2 protein chains.
Amino acid sequence: MTRNTVSSPPPPASDSIAQALSLAIHEHRLAPGTKLGEGELAEIYGVSRTVIRAALQSLSHTKLVDIRRNKGASVASPSLKEARDVFEARELLEPRTARSAAARATASDIALLERHISDEHAALDASDPGRALYLSGLFHNEIARIADQTTIAGFIETLVARSSLIIALYWRREAALCEKHAHHALVRALADHDATQAEALMRSHLVDLHSALDLRERNARAPSLKAALSQ
Amino acid sequence: MTRNTVSSPPPPASDSIAQALSLAIHEHRLAPGTKLGEGELAEIYGVSRTVIRAALQSLSHTKLVDIRRNKGASVASPSLKEARDVFEARELLEPRTARSAAARATASDIALLERHISDEHAALDASDPGRALYLSGLFHNEIARIADQTTIAGFIETLVARSSLIIALYWRREAALCEKHAHHALVRALADHDATQAEALMRSHLVDLHSALDLRERNARAPSLKAALSQ
DNA sequence: CAATCCTGCATTGTATACAATTATGTGTCC
DNA sequence: GGACACATAATTGTATACAATGCAGGATTG
């Protein structure tokens with residue numbers, strides 16, 4: 001039985017708080033660079049700084065939060081290079097994972113994926129793009145889980161989370177509804193156990209996503225300004 | 001300059017302690033399943049449990065240490081499935097990374113890799129197989145670093161570390177000097193910028209390593225016994 | 001004699017207190 | 001008026017104190 005995310009009787013453990021913060025970052029309620037003061041968070045969640053520190057350290061291990069000694073924690077703000085790194089990693093891992101998933105997907109897996117898609121569309125209709133993005137990430141995580149490679153699935157989970165930050169920073173408005181049916185087509189390939197097709201679709205889906213970002217070098221004249229402002 | 005592992009004037013930060021423990025696990029001085037009591041470690045390193053807890057949590061994120069609520073921390077003891085997962089991940093990531101590294105390796109990179117190899121041989125001659133294993137891991141990490149994909153390099157680092165635990169648990173004595181010249185051949189391919197060859201050599205090297213492990217199912221009759229004893 | 005419950009000890013989880021570092025705001029000097 | 005220096009406040013890092021949980025040993029009872 002999975003423990004519920006935030007229960008009231010026992011004060012929230014550090015894991016719950018980390019998850020809550022992670023969700024807020026996923027949904028773009030916490031923007032990159034936002035300062036995460038320990039005392040402030042301790043008051044919000046009604047726990048001591050000890051617990052907050054554990055949660056923040058946990059998030060820093062997944063690169064969602066940036067901790068600098070004596071300077072505190074803030075929501076991470078991936079550089080251009082980091083952004084490219086993350087997407088290169090995704091393009092290496094996820095197509096292969098989709099291939100494995102196609103061989104193993106069961107009917108209930110497919111049903112769950114379709115539910116994610118419809119939830120995502122519902123969130124979009126409700127003008128909650130943050131939540132839609134989060135659900136879109138869940139979709140990718142779910143495929144990794146289906147592939148039954150726990151280690152790689154864990155990697156993908158952190159990559160998806162970091163992608164959320166990257167999208168917050170580098171998304172181009174011009175790039176429109178990119179993945180309207182990309183996920184649908186992927187699910188169909190998985191349902192058909194068409195491994196090659198699933199791999200190809202995942203690859204092109206990620207390439208689409210990648211190209212919807214503006215990862216060109218900029219501010220060559222004042223490279224330190226942006227870094228200074230972002231904190 | 002890398003900060004030394006345990007310095008006296010400033011009390012060792014949690015990172016230093018995590019690194020020291022990680023090294024001890026790498027070198028098989030700490031066996032899988034070993035209990036890591038907070039008080040004991042606090043006394044050893046002359047710091048409070050606060051710092052120890054941070055170090056242990058850090059190690060638990062890389063799966064080197066297993067923390068169970070109210071039960072404390074122990075050196076992780078990967079299951080057969082985890083072991084297979086880790087090596088599947090390595091076989092997916094590292095060949096591609098070696099390919100990238102071949103395109104980028106500089107003369108100083110090659111020199112550093114060769115130094116690692118000779119250090120490794122020196123450790124073997126000094127009958128210090130634990131250190132040799134650690135240096136062998138450094139070799140793999142170094143290649144990932146050369147490829148200049150920080151994210152993937154980070155993944156590989158954790159995979160290499162976990163491999164050390166897996167080797168401690170599942171190494172077959174029969175499997176003899178597996179990689180005597182595997183690393184040498186790999187370095188040569190990198191020096192020649194022969195990407196295809198580097199990728200192939202890395203792949204076969206990992207397959208060799210994988211097949212030198214005994215990852216067959218066992219104890220089908222009493223599956224819980226081993227788990228019970230390992231803690 | 002075996003199984004069970006109870007008690008005491010050891011260890012971990014959390015909160016608080018203190019120390020160290022950084023950030024801020026004010027006053028002075030040029 | 002601007003820049004530097006110092007004092008003060010706020011925040012983080014570490015240690016310690018207390019609470020809660022788990023473990024072990026022994027007594028009790030059937």
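How much area do chain B and chain A bury between them, and what percentage of it is on carbon and sulfur atoms? In this predicted model, the two chains bury about 2000 Å² between them, with 58% of that area on carbon and sulfur atoms. On the side of chain B, the residues losing the most area to chain A are B:Leu92, B:Thr151 and B:Phe155, which together account for 29% of what that side buries.

**Contacts across the interface**

- The contact set comprises 23 residues of chain B and 23 residues of chain A.
- Between chain B and chain A, the rule finds 2 salt bridges.
- A salt bridge joins A:Lys81 to B:Asp148, with 3.7 Å between the closest N and O atoms.

**Composition of the chain B side**

- Helix H3 (49-61), helix H4 (80-104) and helix H7 (150-170) of chain B are the elements that give two or more residues to the side touching chain A.
- H4(B) provides the largest share of that side, 8 residues.
- Grouped by class, the side of chain B that touches chain A has 9 nonpolar, 7 polar and 7 charged residues.

**A residue of chain A: A:Asp208**

- A:Asp208 belongs to helix H9 (residues 195-211) of chain A.
- Because its relative accessibility is 40%, A:Asp208 counts as partly exposed.
- The C-alpha atoms of A:Asp208 and A:Glu179 are 8.2 Å apart in space, while the two residues are 29 residues apart in sequence.

Definitions and conventions:
Residues numbered from 1 in each chain as written. Chains lettered and ligands numbered in written order. Predicted model: local features only at pLDDT ≥ 70, side-chain atom pairs only at ≥ 80, totals over all residues. Heavy atoms only, no water. Contact = heavy atoms within 4.5 Å. Buried area = accessible area lost by both parts, 1.4 Å probe. Salt bridge = Lys/Arg side-chain N within 4 Å of Asp/Glu carboxyl O. Helix = DSSP H or I, 4+ residues; strand = E, 2+ residues; numbered from the N terminus. Nonpolar A, V, L, I, M, F, W, Y, C, P; charged D, E, K, R; others polar. Buried < 20%, exposed > 50% of the residue type's maximum accessible area, 1.4 Å probe, protein only.
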